[in-house]
Every structure is written in C-alpha cells, then in structure tokens.
Amino acid sequence: LEDEYRQQEITRAQEFRHRQSEVRDLEFKVKRKLLELQQREAAIVAEDRRITGLCDGMKRKADLSIRDSGHTMQYRTTEIHQRISWEQERSGRLEQQISDAQTELSVAQCRISEL
C-alpha cells in the first residue's frame, strides 16, 4: 500500500511538473504574442502619425495654393479693370477726335460750298 502511495505521489509530481512546464510554455507564448501585438500597435501608431502629418502638410499646401490663386485672380481682375478703364478713356478721346474731325470737315465743306 505504501509503495502504491509513493508511486501515485511520484506520478502526481511528474504530472504536476509536466503541467507546470506546459503553463510556462503557454505563458511564454502569450508574452511573445503580447510583445508582437505591442510592436504592431506601436508601428500602427507611428504610421498613423506619419499619415496625419502628410495629410496636414498636403492641406497646408492646398490652402496656400488656393490663397495664392485667389491673390493672383484678384491681381488679374484689377489689372483687367484698369485696362478696360484705359481703353474706355482712349476710346472716348478717339471718339472726341473723330467728332472734332467731323466738325472740321463740315466747316471745310461749308467753306468750299460758299466758294
């Protein structure tokens, strides 16, 4: 009976060591997987920051481009308005010169007809 009890205790001790070994292996695997997940998470966070930075940079460039385009359009609009104004003034002067020339022509024709 005593030998049988010792044999059972040896078997239990071996089974306990075996299960302890399995638990340690499982703990090691879980810790390794956790570390891998933490590394992946850190890589994802870093990539997210990089992409956010790129998006912010692109947004700033787009905003600057839009602002520059607005300034350019405003400058061109002002320039076109000035050209129109100058051309209207020039046209007015030319019309006045034509009117004056027509008046002189009429006067000259009247003189010629009187002669």
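Glu 79 and Arg 83 sit 4 residues apart in helix H1, so about one helical turn separates them. By salt bridge I mean a side-chain nitrogen of Lys or Arg within 4 Å of a carboxyl oxygen of Asp or Glu. Glu 79 is partly exposed, at 28% relative accessible area. The classes: buried is under 20% relative accessible area, exposed is over 50%, and partly exposed lies in between, with a 1.4 Å probe and protein chains only.

Some ground rules. This is a predicted model; local features need pLDDT of at least 70, side-chain atom pairs count only at pLDDT 80 or more, and totals for chains, interfaces and linings use all residues. Residues are numbered from 1 along each chain as its sequence is written, and side-chain values use heavy atoms, leaving out hydrogens and water.

Now the overall picture. The protein chain has 1 helix and 0 strands. Those are DSSP runs, numbered from the N terminus: H or I with at least four residues for helices, E with at least two for strands. The radius of gyration is 49 Å, well over the 13 Å that the globule rule gives for 115 residues, so the chain is more spread out than a compact globule. That radius is taken over C-alpha atoms, and the rule is 2.2 Å times the number of residues to the power 0.38. Along its principal axes, the C-alpha trace spans about 165 × 15 × 10 Å.

Next, the surface. Buried residues make up 1% of the 115 residues. The chain exposes about 11,200 Å², and carbon and sulfur atoms supply 56% of that. Areas come from the Shrake-Rupley method with a 1.4 Å probe; for residues, only the protein chains shown count as cover.

Back to the charges. How many salt bridges are there? The count comes to 8. Take Glu 47 and Arg 50, whose closest N and O atoms are 2.7 Å apart in their salt bridge. They are 3 residues apart in helix H1, which covers residues 2–114, so about one helical turn lies between them. Glu 47 is partly exposed at 33% relative accessibility. Arg 50 is partly exposed too, at 46%.

Then Arg 90 and Glu 87. Their salt bridge has its closest N and O atoms 3.6 Å apart. Both lie in helix H1, 3 residues apart, about one turn. Arg 90 is partly exposed, at 44%. Glu 87 is partly exposed, at 46%. There is also a network: salt bridges with shared partners join Glu 2, Asp 3 and Arg 6. Arg 6 is in helix H1, and it is partly exposed at 47%.

Where do the charges sit on average? The mean positions of the 21 positive and 22 negative charges are 5 Å apart. Lys and Arg count as positive, Asp and Glu as negative; His and the chain ends are not counted. Each charge is placed at NZ of Lys, CZ of Arg, CG of Asp or CD of Glu.

Last, the cysteines. There are 0 disulfides, a disulfide being a pair of cysteine sulfur atoms within 2.5 Å. Cys 55 is partly exposed at 47%. Cys 110 is partly exposed at 45%.
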